[in-house]
Amino acid sequence: LVLSAFKAECLDGTASGTWTANFATKPPQYSGKGSFDGFSLSTVAKLTHDQWVEGSGRADYQFNAGGTNWQDLLDSADLTAQFNVSGGTFLHIVLTRDSSPLRAEDFSGSLRLSDRVISFHDAKLTNANEVYTVSGTASFAGALNLKAVTEAAGGYVISGTFAKTRVSAIPNAEASLKP
């Protein structure tokens, strides 16, 4: 089965692409590529039952997965994407005691989803004060292991879970991009 050059409204934005399903294999295999444009991160957050993020986004993606149910599909999913978030607010991430939740004028880069873990490599997050290079992982189980480092080599470790996020400052001499 091939859905070729489809376009649909999704997550308050537009999804487009080409998806293939091969039911002749055991288990069935799925693949595709396309884009999501103008999707609402608040709508994505509602799906997780936690208003942890706001803003709008765009992503160009490519994926492969196999299985006969959602669990199998999520377990086998291998996805890569180039993404861009505009006007984002990460409501559980507060960098200092005196600051408000982390705002991102722009957050862009590449990510990979494999084994239910999203990996970020050299993504850039720009807010009013700094440009951070973001790397590390976020799992479907909610575990965070991220670093946000500035060009001046200072930054933050973002750990814990989506619901109980911990932020720790990295002294300039200790900052590196490896999670």
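Buried means under 20% relative accessible area, exposed means over 50%, and partly exposed covers what lies in between, using a 1.4 Å probe and protein chains only. Arg116, for example, is partly exposed at a relative accessible area of 23%.

The model is predicted, so local features need pLDDT of at least 70 and side-chain atom pairs count only at pLDDT 80 or more, while totals for chains, interfaces and linings use all residues. Residues are numbered from 1 along each chain as its sequence is written, and side-chain values use heavy atoms, with hydrogens and water left out.

**View 1. An aromatic pair, Phe6 and Trp19.** Rings of Phe, Tyr and Trp (its six-membered ring) pair if their centres lie within 6.5 Å; planes under 30 degrees apart count as stacked, over 60 as edge-to-face and the rest as tilted. The whole structure holds eleven aromatic pairs. Phe6 belongs to strand E1 (residues 2-10) and Trp19 to strand E2 (residues 13-22), 13 residues apart. Helices (H or I, at least four residues) and strands (E, at least two) are DSSP runs, numbered from the N terminus. Trp19 is partly exposed, at a relative accessible area of 33%.

**View 2. A salt bridge between Asp37 and Arg58.** A salt bridge is a side-chain nitrogen of Lys or Arg within 4 Å of a carboxyl oxygen of Asp or Glu. The search of the whole structure finds four. Between Asp37 and Arg58 the N to O distance is 3.9 Å. This pair links distant parts of the chain, with Asp37 in strand E3 (residues 29-40) and Arg58 in strand E4 (residues 53-66), 21 residues apart. Asp37 is partly exposed at 41% relative accessibility, and Arg58 is partly exposed at 34%. Asp37, Arg58 and Asp60 are linked in a network of salt bridges.

**View 3. A salt bridge between Arg116 and Asp75.** The two side chains meet at 2.6 Å, N to O. Arg116 lies in the loop between strand E6 (102-114) and strand E7 (117-126) and Asp75 in helix H2 (residues 70-76), so the pair ties together parts 41 residues apart in sequence. Asp75 is partly exposed, with a relative accessible area of 37%.

**View 4. A salt bridge between Asp78 and Arg112.** Here the N to O distance is 2.9 Å. Asp78 is in strand E5 (residues 78-90) and Arg112 in strand E6, so the pair ties together parts 34 residues apart in sequence.
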